[in-house]
Amino acid sequence: MRGVRPGRRGPAALLVLSLLAAPAAARAQEPSLVDVLGRATRYVSELSARLSGTVAEERYEQRATLPADSSIGSRVGSRSSFYRRTLRSDYLLVQPRNAGWYYGFRDVFEVDGQPVRDRQERLTELFLDPSATADRQIRGIVRDSSRYNIGDVQRNFNVPTLALLFLHPDNRSRFEFERADDDEPPLGLDRPEGDGEVWVVAYREDWPTTLIRGRDRSNLPASGRFWIESVTGRVLASEVDVRDPGVEATIAVRYRLDAGLGHLVPAEMRERFENRRQRSRVDGTATYTDFRRFQVQVSESAPFRD
């Protein structure tokens, strides 16, 4: 009986086993979509709590293009087909009484270089009225955050943290998710770069009643994409698309690490709203700086500032 020569067949067998084992190990380390979404949901819950203790300065430029025969421009003192507005605001997340999650609040303090005069009264009514119900307070926050929007598309969801609501544990079941091949952000937003692999996850709202509603309370299903670090669940960018027969809307947001706070914060928001019936469009660009901790001091001179 012949013995096996270790210098001949042994190494060849070992090489084959290594080649077969390597893909199996790689597959074992690859997270599933369920894993990535679970990490993202936990991350969003933690981030919302962290952002709720901070306020940022938002510089928000809106540009509206209207048909030549439109009279919408008269609302901002111009009948031209193109006009713009620049808002400076404190932006923060607030949680109304008994509400399950946080809402983005745009506290406008300057419009086209002019200070907002009724700011104190509005903040007092929104946050210090003990008789206000949660629904009333939410409606007030949403309404007040959009009061200076321009154009002929009425909207109140142009806030940078909107898409995070879709990953919240209370809302995630409303959506279907799948991994997407297209990783190009919309509206010219910079491509996000993370630590490790970044997954692009597409979503589509599939629920009898939607989170975003039309003026007649009609359903407006949201869809879009998230750019998520697969290992940490951190959301690096988001896209929201909302469409109905008359209007198309896209909001894209990029996040960055704030060294002082130690976590991601909104860096830039880009938006586009197109009214196909009126042949008009609104584009917006908002940037966020000077993140800081805040205390609500409505009775003092500068609300939400340290």
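This is a predicted model: local features need pLDDT of at least 70, side-chain atom pairs count only at pLDDT 80 or more; totals for chains, interfaces and linings use all residues.

Reader: Thanks! What makes up the protein, in helices and strands?

Author: The protein has 5 helices and 11 strands. Of its 306 residues, 48% count as buried. Residues 24 or more positions apart account for 62% of the contacts with a separation of 6 or more.

Reader: What about G38, and why does it get the label it has?

Author: G38 also has its place in helix α2. Its relative accessibility is 16%, and the cut-off for buried is under 20%, so G38 counts as buried. G38 and P169 are 131 residues apart in sequence, and their C-alpha atoms are 9.3 Å apart in space.

Reader: Which residues touch the most other members of the largest nonpolar core?

Author: They are L162, F166, F226 and V240, in a core of 56 residues. The largest share of this core, 7 residues, comes from helix α2, which spans residues 33–51. Apart from this core lies another, of 8 residues, including V55, L92, A99 and F105. As background, nonpolar side chains in soluble globular proteins tend to be buried together.

Reader: What does F166 touch?

Author: Not counting residues up to four places away in sequence, F166 touches N171, R172, F175, F177, Y203, L211, A222, F226 and V240. Ring pairs also link F166, F175, F177, Y203 and F226 into a cluster. The structure holds 7 aromatic pairs.

Reader: How do you know that R179 lies over the face of W199?

Author: The distance part of the rule asks for the charged atom to be within 6 Å of the ring centre. R179 is at 3.8 Å from the ring centre of W199, and R179 lies over the face of that ring. R155 gives another case: its charged end sits over the ring of F273, 4.9 Å from the centre.

Reader: What lines the largest cavity?

Author: The lining consists of L51, T54, V55, A56, Y91, L92, L93, P266 and F291. β1 (54–65) and β2 (82–94) each supply at least two of the lining residues. About 60 Å³ of space lies in this cavity, and the count comes to 1 cavity of 30 Å³ or more.

Reader: What makes the phi of L187 worth a remark?

Author: Most residues other than glycine have a negative phi. L187 is not a glycine, yet its phi is positive, about 60 degrees. L187 lies in the loop between β5 (175–179) and β6 (198–205).

Reader: Why is L187 called partly exposed?

Author: Partly exposed covers the range between the buried limit of 20% and the exposed limit of 50%. L187 has a relative accessible area of 24%, so L187 is partly exposed.

Reader: And why does R217 count as exposed?

Author: Exposed means over 50%, and R217 has 55% relative accessibility, so R217 counts as exposed. R217 is found in the loop between β6 and β7 (222–229). R217 has a positive phi too, of about 70 degrees, although R217 is not a glycine.

Reader: Where does P208 lie, and is P208 buried or exposed?

Author: P208 lies in the loop between β6 and β7. At 67% relative accessibility P208 is over the 50% limit, so P208 counts as exposed. The C-alpha atoms of P208 and P221, 13 residues apart along the chain, are separated by 9.6 Å.

Note on methods
Residues are numbered from 1 along each chain as its sequence is written. Side-chain values use heavy atoms; hydrogens and water are left out. Rings of Phe, Tyr and Trp (its six-membered ring) pair if their centres lie within 6.5 Å; planes under 30 degrees apart count as stacked, over 60 as edge-to-face and the rest as tilted. A charge sits over a ring if NZ of Lys or CZ of Arg is within 6 Å of the ring centre and within 35 degrees of the ring normal. A nonpolar core is a set of buried Ala, Val, Leu, Ile, Met, Phe, Trp, Tyr and Cys residues joined through side-chain atoms within 4.5 Å. Buried means under 20% relative accessible area, exposed over 50%, partly exposed in between (1.4 Å probe, protein chains only). Helices (H or I, at least four residues) and strands (E, at least two) are DSSP runs, numbered from the N terminus. Contact means heavy atoms within 4.5 Å. On a 1 Å grid over the protein atoms alone, a cavity is a set of points where a 1.4 Å probe fits but cannot get out, and a pocket is an open set with protein on both sides within 12 Å along at least five of seven lines; lining residues have an atom within 4 Å of a point. Grid points are joined across faces, edges and corners, and a volume is the space filled by probe spheres set on the points.
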